[in-house]
Amino acid sequence: MFETGAYIVCGQHGVCRVESIGPIRLEEASDGKDYYTLSPLYSKGGVIYVPADSEKIIMRYVISRHEAEQLIGEIDGMDMIQIDNERQREETLKRALKTCDTRQWVRVIKTINVRKEKRLAQGKKVTAGDERCLHAAQENLFGELAVSLGIEKNEVESYIRKKREEQK
């Protein structure tokens, strides 16, 4: 069980702060059941209520600073996602996004960026599905790394670039 004030990753909502834990007064809520009241960090206005015992929604603590630094150090060695069937490309990428796993988010970003470069070199546009998945992966990853590293979300990409350059 998470504690009040903790930063967690909650399904497709990204990084959230646990505001409270306990029963809530909503018509749809089960009586006597505890819920997390969550505030999404990067979405304005809105509160999310998630049953504390939910097995359907992936919730986990935000990674530590050490884990974030380690993840950044491993980026260059991570494999791209192998997509066997082009027709199922977007579905494969969406499944990787739904894992709420930072390594999978990195793999989605790498996979789409390589495909994007190839398509642009061929004079083709980037597909809308790739753009959506890339945006979602970056939002999730950069939001979590910002909290872990104690920096602004818009500084994360340059932070990663700098760290990767230092490794070379």
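Leaving aside neighbours within four places in sequence, Arg119 is in contact with Lys124, Lys125, Val126 and Thr127, where contact means heavy atoms within 4.5 Å. Arg119 itself is placed in helix 3. Its side chain reaches the backbone oxygen of Lys125 at 2.6 Å. Such a polar contact is a pair of N or O atoms within 3.5 Å; within protein, one must be able to donate a hydrogen and the other to accept it, and residues adjacent in sequence count only if both atoms are side-chain atoms.

The model is predicted: local features need pLDDT of at least 70, side-chain atom pairs count only at pLDDT 80 or more, and totals for chains, interfaces and linings use all residues. Residues are numbered from 1 along each chain as its sequence is written, and side-chain values use heavy atoms, with hydrogens and water left out. Helices (H or I, at least four residues) and strands (E, at least two) are DSSP runs, numbered from the N terminus.

In general, strands of a sheet pair through backbone hydrogen bonds, either parallel or antiparallel. Here, strand 1 (residues 7–10) and strand 2 (residues 15–22) are paired in the antiparallel sense over three bridges, and Val9 stands opposite Val15 in strand 2.

At 0% relative accessibility, Glu144 counts as buried, a term for residues under 20% relative accessible area, as against exposed over 50% and partly exposed in between (1.4 Å probe, protein chains only). The side chains of Glu144 and Arg60 are joined by a polar contact of 2.7 Å. Not counting residues up to four places away in sequence, Glu144 also touches residues including Val9, Val15, Thr102 and Trp105.

Phe2 is located in the segment before strand 1 and is buried, with a relative accessible area of 11%. Its contacts, leaving aside neighbours within four places in sequence, are Ile8, Val18, Ile21, Tyr36, Met59, Arg60 and Tyr61. Phe2 and Met59 are 57 residues apart along the chain, and their C-alpha atoms are separated by 9.3 Å.

The largest nonpolar core has 31 residues, and those with the most contacts inside it are Leu71, Leu93, Val108, Leu141, Leu145 and Ile160. Such a core is a set of buried Ala, Val, Leu, Ile, Met, Phe, Trp, Tyr and Cys residues joined through side-chain atoms within 4.5 Å. Helix 1 (65–74), helix 2, helix 3, helix 4 and helix 5 (156–167) each supply at least two residues of this core, and the largest share, eight residues, comes from helix 4. Apart from this core lies another, of 11 residues, among them Ile8, Cys16, Tyr36 and Leu38.

Finally, Cys100 has a positive phi of about 60° although it is not a glycine. Cys100 sits in the loop between helix 2 (89–98) and helix 3 (102–121), and is buried, with a relative accessible area of 2%.

Notes. Two strands pair if DSSP finds at least two bridges between them.
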